[in-house]
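Dear colleague, please find below my notes on the model, written for someone who has not looked at it before.

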Amino acid sequence: MTQVLLSGVAIGAIYGLVGMGFAIAFYVTRVINFAEGQLLMVGVMVAAWFARTGLNPWVAIVLGILAAAAVGAITYLVAVRPVLAFDRFSFSWLVSTLGVALILENGAALIWGPTSRSFPALLTGTSVHVGSATLTLQEVVTIAVAVAAAIGFELYRRRTLFGKLGMAIAHDPEMATALGANTVLVATAAFALAGAFAGLAGVMIGPITYSNPYLGDTYGIAGFVALMIGGTARPAAAMVGGLLLGILGEAANKLIDTQASDWFPFVVVVVMLLVLPEGLLSLTAPFRRAVRRARAPAGAPG
Amino acid sequence: MTATSRVPAAWRPATFVAALAGYGVFAYWAAHSTLYIQGLVLVAAVFGMLAVSLDLVAGMTGLYSLGHAGLFALGAYATTILYNDHHWNLFLILPACLLGVGAVGLVLGAVSLRVSGLYFAITTFVFTLVVTVFASDSTFTGGYGGLIGPIFPEFPSWLGWAGQSVIWACLIALLLTTLVVLAIRSSPLYPVLLAIRDAEPFAASAGASTAAVRIGLFGLSAAIAGGAGWMFAFQGIVSPSQFSWQVSVNILVMVILGGINTTIGPILGAVFITVFPAQVNINPFWQEILFGALFVGVIVVFPSGFVGLIRLIGRQIGRRLGLAGPAAPRVEEEQPGIVDAAAVSAVARAEERAAAASSNGSVPETPAIDCRDISFRYRSGPLVLNGVDFVVRRATIHGLIGPNGSGKSTLVDLISGRLRPVGGSIEIEGVAVDREGVTKRVGHGVARTFQSAVLVNELSARQNVQVGLYSRVPRLAARSLAWPALPSARRDGRRLRQTVDDSLAFVGAREWGRVRLADAPHGIAQLTQLAAACAWGPRTLILDEPLAGLAPSEVEHAASILTKLKSSGVSIVLIEHQPRFVFALCDDVTVLAAGEVVATGPAAAVREDEHVRRVYLGQ
């Protein structure tokens, strides 16, 4: 049981990172970047490519993350911004970001071939025992990095001006622009950061999956579902969604049958959505309200 | 605006016949072409049906369904299994598919509509996923390998000249689907659907049960998807991979790439996405890259899809030929005045009604609105209204004033049924309505407007007023399916247009009738709201700051409209901020402050009230 839980958390951390990538871009622009999964793939492929050229694997990994971030920013400028400039409420970005996903996936297959290639294995060799369960060092680091990234992002969003600017633009881009915010810059940065999260997930999962141009499909969907579970109000909630999805998937594989992770988590998500239409974290709203009220001095507006 | 509405009315039958003939020629050619082309035509027609059915819900009511591949799968599997294992007649299976999948759609819609927007997409997405997983894992569906579908019966010998029967069948199915959707688009239901999409409170206050209409439309869309599945079964093999969630996404791509909410556009999208990969034979990776680049390119350059491109070309050609089009006058430059002589006739009618009302007997004793001891709070917040009594006498104008946040709009929402009080009771014309929702309360003759005009900006003022008349067209939803073909619809349509014009004339905005509200000034939006609320002849009218943002001359004009309405027997609740105006116009005034009634009674008495002067008038 501990093993199921821990393995679930390890894979869920990856889903959560991709889900946060979706959420960060969505948070500022109200756009779902359907190429988010492919950004993970870009991270893996570029890191593996640099590692094969003989570069230090750690440097290759950093370059992989940067490449994913750069492609994320380009996606915004080329495929999203013109569409939103025409009509902020249209759903046309669905087509243009899917187009980007097609280009990235097949471009990678064209450049590096459609089959799996090696990825530098740095930490997979070492095992860590937690009670009766065993994790690789890679998995432990993945969990730690993912949780740190989620907390770090949330602090950044709430405590810095740039983070608050994102909130303002999400709420009303026209008003934010009128107040002097550079909407395009913030949105581009959000897409770049979203790409970096996906790239980070990529280099974390790379040693297990190897580098393959079709990785984006699997992890893109999982990340998307993580976003759905967490709800769109706070990007860090997607991390919680990812962890839950990972645990559900592992449990389904162990307890139902080996194919059950294809459908079981999704069914749970739907049942949950029907019970809690605003996402899982809406459950905590009364508590947060109570905390805020307790903290605020009497009479002050909450 | 639809493309068809730009065509002059007299040309429409001719255009329609010409298009139909061209389509017939194409079908004849396809039915005699090679098997390869016939396969492409069949698949393109099936996806055309799917795209049109998805556009029906996504374009008109904003429901971005990813469940259509699953519904499509149900139709295809049901056809194959009923034919192979149970030896049903193929033409008995078709209605079974339409009804069965339609029913599934109703259930899926009813369940999924609890959530909206993206969550609607994910709920329906999971439906598709479950259907395909089930099909892959069950034995009676043939597992991953799938099943071999039935063969479409050949034409009888006397029809042998027509060629391949299945091609005719699929093209006729696509045609029928398109005609049904175009019928809905041309019916008075269309503005109501857009109102449900963009301005839900407006549609509800016009008496449309928005959830039922959405679910019903989703059921219709599902039925079409089931029919597409029936058609698809004849293509050879039915297997799970043909109905994966990616197919759902693909259908949505067809809709958006072709042009969402255009009906014809999605068919173009379906043809492009079906034919392009089959016809471009290059390195598969390059082909996919090109495909992706086209997605990005088309949407970035023409955000409204292929139809946007076609309209642009059409406009260019029109300009070249000097056919600027008589149907599109440059209204922006005219800036018609608000007051219109034609209003006189409508007013005369209103006065006739008043005369008729008074000859029928005196004004009834029961008040138009009678609220007793109303309390309200949002969730667990503080009380927004506390023990409010609010009585509106018949055929009077009752002003409701108070500072911002005093609970005026909340009280109005409670009366119209959008909110439910935590305590107290509400009677409309002597009938207790505490248990009734918005739609039912419309049945008691209550109409309302909203503080910031809630209307459909992409429609004209006339179409917006039509939304207000929803409850006046009997069985509109059912009849919209064949609207242009129904003689009764022609009659109703004429009457409807007349009422709309009269109503717009009554408020003095007739000349703005054909202008898209997005292009009209704020005052016109306010008047359109008023016209939509008056159009069906309500007995009680609730106006939430109808004068906000109007110029002084327009305010006087609006005041005269309200006086006329009152004299025709309508009871009016008027929320307003300008005290001078309120006291001059209203018979009674109620002053709210911090959720409690400060004063209520005849306008003159309230005006002299010491407390009101201090709290509200600032004296």
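1. In chain A, α2(A) and α4(A) are roughly parallel to each other, a word used here for angles under 35 degrees, while angles over 145 count as roughly antiparallel, 65 to 115 as roughly perpendicular and the rest as oblique. This is a predicted model, in which local features need pLDDT of at least 70, side-chain atom pairs count only at pLDDT 80 or more, and totals for chains, interfaces and linings use all residues. Residues are numbered from 1 along each chain as its sequence is written, and chains are lettered from A and ligands numbered from 1 in the order in which they are written.

2. Two packed helices are described by the angle between their axes and the distance between the axes. For α2 (residues 36-52) and α4 (residues 93-112) of chain A, the axes come within 10 Å and cross at roughly 20 degrees; axes are lines fitted to C-alpha atoms, for helices over the stretch in contact, with angles from 0 to 180 degrees between N-to-C directions. The helices themselves are DSSP runs (H or I, at least four residues), as are the strands below (E, at least two), numbered from the N terminus.

3. Which residues of α2(A) and α4(A) meet? On the side of α2(A) they are Gln38(A), Met41(A), Val42(A), Met45(A) and Trp49(A), and on the side of α4(A) they are Ala101(A), Leu104(A), Glu105(A), Ala108(A) and Trp112(A), contact meaning that C-beta atoms, placed from the backbone, lie within 7 Å. This set divides into 8 nonpolar, 1 polar and 1 charged, where Ala, Val, Leu, Ile, Met, Phe, Trp, Tyr, Cys and Pro count as nonpolar, Asp, Glu, Lys and Arg as charged, and the others, Gly among them, as polar.

4. A second pair in chain A, α1 (residues 2-29) and α9 (residues 215-230), has axes that come within 7 Å and cross at roughly 70 degrees, and α1(A) and α9(A) are therefore roughly perpendicular to each other. The contact includes Gly16(A), Gly19(A) and Phe22(A) of α1(A) together with Gly220(A), Gly223(A) and Phe224(A) of α9(A), and its residues divide into 10 nonpolar, 6 polar and no charged.

5. Between the chains, the contact takes 31 residues from chain A and 27 residues from chain B. On the side of chain B that touches chain A, α5 (118-137), α10 (245-258) and α12 (284-301) each supply at least two residues, and the largest share, 10 residues, comes from α12(B). By class, this side of chain B has 23 nonpolar, 2 polar and 2 charged residues.

6. Chain B also holds an open sheet of 4 strands in the order β4-β3-β6-β7, with antiparallel pairing, two strands being paired if DSSP finds at least two bridges between them. The edge strands, each pairing on one side only, are β4 (383-392) and β7 (431-432).

7. Another 5 bridges join β3(B) to β6(B), where Arg372(B) stands opposite Ser425(B); β6 (residues 423-428) of chain B then pairs with β7(B) over 2 bridges, and Glu427(B) has Ala432(B) as its bridge partner.

Conventions
Two residues are in contact if their C-beta atoms, placed from the backbone, lie within 7 Å.
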